[in-house]
Amino acid sequence: MCVNVGSTVADVRTRYYCVAMMKGTLLPLLGIGLAIYVGLCAVLYLLQEQLIFLTPPLADGDRHAAGLLPDTTEIHITAYDGVRLHGWLRHPPREKEPRGLVIYFGGNAEEVSGQMHDASMLEPWSFAAVNYRGFGLSEGRPSEEALTADALAIHDWIAKRKGIDPDRIVVFGRSLGSGVAVQLAARRPVRAVVLVSPFDSLRSIARKQYPIFPVSLLLKHPFDSLTHAADIEASLLVLAGARDGLIPPEYSRRLHDAWAGPKRWVLVPEADHNDIHTHSGYWPAIREFLTSVGSGSPTPDD
């Protein structure tokens, strides 16, 4: 222990010894701490694709079940780089042509065959869901750039199909899919946009999840929807869960408030991130919105 021994030569020597001892102890600890921090930054940078895109497979049973759904067919779309994307398309029975269409973009761990079981909830609209590259049976590896380009290819392929009204295409994005849907809406004249649990940017969510790390420098896939919102004139519906802990409602609200076109905000009481679709009011709000945009009338801002 170092003590105050007065203004003597011994005091000077003792203090020098204390400083040297502290430097000898603290500097290595600081160095170790810095090395650990830099290492964790490197891990986050190198593994971010595995954290953002969880690439679930398509089980044989799920593919078989989707294939048994009425009025549903498997589709294969070739992306800009030759990658084959796999999904499904459903046309409501007895619906007159040309049909309006909803294109669905799912969450970061979502294989979209399950969404086909809910397609009837959107009648009389047709419904398409295509797995991201690397998800289900779609080939390739996901990235923000690739998913955005794939979304454009999906839209353009479907818009040219016989029986589809290219002027009545609605993009529907949930969670991560909201970032893809916004990118598409910023580049194509879609009729409307439905966003469930959307974020203003993936960067802001990453800052919330990893507050001690420089995510702005590390993140390769920012999905910055907020930068596009003020330029999109299409009608918007946002549904957010009041108890969403992954993407709190205020992140969704910032995107809604920045949107240029007509917009509607729906906060679903008691809903969390993964169960919002099970709450009453979810599907009625979507159907009401689709009815309004299907006729071309604007959606009121709530």
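Which strand and which helix each supply at least two residues of the lining of the second largest cavity? They are strand S5 (164-174) and helix H9 (282-294); helices (H or I, at least four residues) and strands (E, at least two) are DSSP runs, numbered from the N terminus. This is a predicted model, in which local features need pLDDT of at least 70 and side-chain atom pairs count only at pLDDT 80 or more, while totals for chains, interfaces and linings use all residues. Residues are numbered from 1 along each chain as its sequence is written, and side-chain values use heavy atoms, with hydrogens and water left out.

A cavity is a set of points, on a 1 Å grid over the protein atoms alone, where a 1.4 Å probe fits but cannot get out, and its lining residues have an atom within 4 Å of a point. The second largest cavity has a volume of about 30 Å³, the volume being the space filled by probe spheres set on the points. Tyr104, Phe172, Arg174, Tyr282 and Trp283 are among the residues that line this cavity.

The largest cavity has a volume of about 60 Å³. Helix H3 (residues 144-159) gives the largest share of its lining, four residues. Leu147, Asp150, Ala151 and Ile154 are among the lining residues of the largest cavity, as are Leu85 and Phe105.

Leucine 27 counts as exposed because its relative accessibility is 54%, and exposed means over 50% relative accessible area (1.4 Å probe, protein chains only).

Conventions
Buried < 20%, exposed > 50% of the residue type's maximum accessible area, 1.4 Å probe, protein only. 1 Å grid on protein atoms, 1.4 Å probe; cavity = no way out; pocket = protein on both sides within 12 Å on 5 of 7 lines; lining within 4 Å.
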